[in-house]
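Me: I would like to learn how to read a fold feature by feature. Please show me the general idea each time, and then the case at hand.

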Amino acid sequence: MSEDLSYEVTTTLYDAPGKHGRTGVIHTPHGDIATPAFIPVATKATVKTLTPEQVRSTGAQAILSNAYHLYLQPGPDIVDEAGGVAAFENWRGPTYTDSGGFQVMSLGVGFKKVLAMDTAGLSESDIRAANKDRMARVDDDGVDFKSVIDGSQHRFTPEVSMQIQHQLGADIMFAFDELTTLVDTRAYQEHSVERTRRWAQRCLDEHDRLTRERADKPKQSLWGVVQGAQYEDLRRHATRGLLDLDARARAEGRRGFGGFGIGGALEKENLGTIVGWVTDELPADKPRHLLGISEPDDIFTAVEAGADTFDCVAPTRLGRRGGVYTLGGRMNLTAARFRRDFSGVDEEFGGYVSENYSRAYIHHLLKAKEYLAGTLCTLHNLEFMVRLVDNIRAAIDEGRYEEFRREFLGRYYGAS
């Protein structure tokens with residue numbers, strides 16, 4: 001049986017309250033992940049518009065797939081029969097799967113797929129659908145929801161999520177949690193944190209049972225998810241609760257948490273503070289994953305607060321619409337000014353796309369609605385984001401982080 005996941009710290013950036021930035025290495029049965037690292041999202045066992053070989057060419061070390069979508073199609077039993085999600089999609093490296101909780105609630109309750117990080121100018125109805133319009137209902141045992149494919153009825157519980165993720169076979173998987181938003185009341189957030197803690201216990205129990213039952217499979221690492229929205233006491237309480245569950249499981253000779261995810265809606269201006277509350281409580285020898293961020297300033301902030309890995313669909317979603325990252329900020333190649341611009345997307349940054357295709361050509365592909373446009377923009381964006389986080393890691397190891405941060409962010413946002 002393969003060894004379980006482990007983590008080691010390489011270089012410490014900060015060691016102060018709310019500041020726990022570091023570099024390190026996550027060791028998994030299918031390879032190492034040098035951290036901090038950006039993890040591309042392969043929602044349905046594919047990074048949209050790219051082959052696994054193209055994803056690897058960006059320098060990506062791991063990918064994250066979606067338990068909800070793979071449960072609905074093609075079904076976790078088929079993925080299991082194929083040898084797990086990595087073998088199924090021909091990815092030779094570490095893999096993550098989320099619990100399905102985000103999609104069950106976001107698609108079912110109407111969060112419009114992206115959690116609001118700023119409620120200014122938004123009403124509750126902009127963030128969350130009216131109760132009568134929802135496709136999901138949560139109770140203390142689990143969630144009933146309708147499929148986004150055909151409207152059929154399904155139910156996820158912590159045990160079901162574990163069963164699905166064990167069949168998907170990723171190296172790293174997340175406990176089933178309840179997703180909340182910034183517009184939920186304080187009282188509801190308190191109830192939700194306690195519900196998520198109880199679900200986490202059930203996930204640990206089922207994870208341990210399935211690990212023993214599937215002893216011929218490579219071991220998988222279960223990570224607890226910290227909720228609590230924008231409240232410091234709830235975030236710290238939630239973190240301590242998960243640590244207590246982990247300690248109790250290990251004392252009883254059962255599987256504990258291999259790492260921790262930081263989830264839920266986060267106010268952008270308080271992102272670092274909120275992540276810092278959580279990492280204050282977490283042990284240094286466990287990796288931390290921040291779910292769903294991709295803007296460069298947010299990544300720098302999260303790294304400083306102690307997050308080790310990140311995932312987000314933004315680079316791929318943006319790319320399919322013609323948006324690209326450059327060292328001078330974001331731009332959209334559908335704009336008319338690129339029609340006769342024969343320079344590369346970002347010649348200073350370089351990379352495969354910038355060195356081989358012009359802005360004018362990609363502009364043409366976008367206007368002609370050719371699929372290659374999405375491939376090229378997505379390939380460029382993933383390479384940009386992966387390299388940015390790689391450069392952050394190198395800057396920390398080489399003792400020049402502050403200089404790199406100041407130079408990169410000053411240029412990236414100074415031009416916008």
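Reply: Happy to! Let's begin with pairing: two strands pair if DSSP finds at least two bridges between them. Strands (E, at least two residues) and helices (H or I, at least four) are DSSP runs, numbered from the N terminus. This is a predicted model, in which local features need pLDDT of at least 70 and side-chain atom pairs count only at pLDDT 80 or more, while totals for chains, interfaces and linings use all residues. Residues are numbered from 1 along each chain as its sequence is written, and side-chain values use heavy atoms, with hydrogens and water left out.

Me: Then let me try a pair. How many bridges join strand 8 to strand 9, and in which sense do they run?

Reply: In general, strands of a sheet pair through backbone hydrogen bonds, either parallel or antiparallel. Here, strand 8 (residues 143–146) and strand 9 run antiparallel and are joined by four bridges.

Me: Which strands does strand 11 pair with?

Reply: Strand 11 pairs in parallel with strand 10 (residues 172–174) over three bridges, and with strand 12 (residues 259–262) over four. Ile-172 has Ser-221 as its bridge partner, and Trp-223 has Gly-259. From strand 11 the chain crosses through helix 9 (residues 232–251) to strand 12, and this β-α-β crossover is right-handed. Right-handed means that, with the strands pointing away from the viewer, the path from the first strand over the helix to the second runs clockwise. Strand 10, helix 8 (residues 186–213) and strand 11 make a right-handed β-α-β unit too.

Me: How many residues of strand 11 are buried?

Reply: Buried means under 20% relative accessible area, exposed over 50%, and partly exposed in between (1.4 Å probe, protein chains only). In a regular strand the side chains alternate between the two faces of the sheet. In strand 11 (residues 221–226), six of the six residues are buried, so the strand is largely enclosed by the rest of the structure. Ser-221, Trp-223 and Val-225 are on one side, and Leu-222, Gly-224 and Val-226 on the other.

Me: How do helix 15 and helix 16 pack?

Reply: Two packed helices are described by the angle between their axes and the distance between the axes. For helix 15 (residues 371–397) and helix 16 (residues 401–414), these are about 150° and 8 Å. The two helices are therefore roughly antiparallel (over 145 degrees; under 35 is roughly parallel, 65 to 115 roughly perpendicular and the rest oblique). The contact (heavy atoms within 4.5 Å) includes Phe-384 and Leu-388 of helix 15 and Phe-404 and Tyr-412 of helix 16. Its residues divide into nine nonpolar, one polar and no charged; Ala, Val, Leu, Ile, Met, Phe, Trp, Tyr, Cys and Pro count as nonpolar, Asp, Glu, Lys and Arg as charged, and the others, Gly among them, as polar.

Me: Now the backbone. Where is Ala-229, and is it buried or exposed?

Reply: Ala-229 lies in the loop between strand 11 and helix 9 and is buried, at 2% relative accessible area. Its phi is near 50°, a positive value in a residue other than glycine. Lys-369 also has a positive phi, about 60°, but is exposed at 71% relative accessibility. Lys-369 is in the loop between helix 14 (359–367) and helix 15.

Me: Which residues does the cis peptide bond with omega near 0° join?

Reply: Thr-35 and Pro-36. Pro-36 sits in the loop between strand 3 (31–35) and strand 4 (37–39). Another cis bond joins Gln-73 and Pro-74, with omega about 10°, and Pro-74 is in the loop between helix 2 (67–72) and helix 3 (76–81).

Conventions:
Axes are lines fitted to C-alpha atoms, for helices over the stretch in contact, and angles run from 0 to 180 degrees between N-to-C directions.
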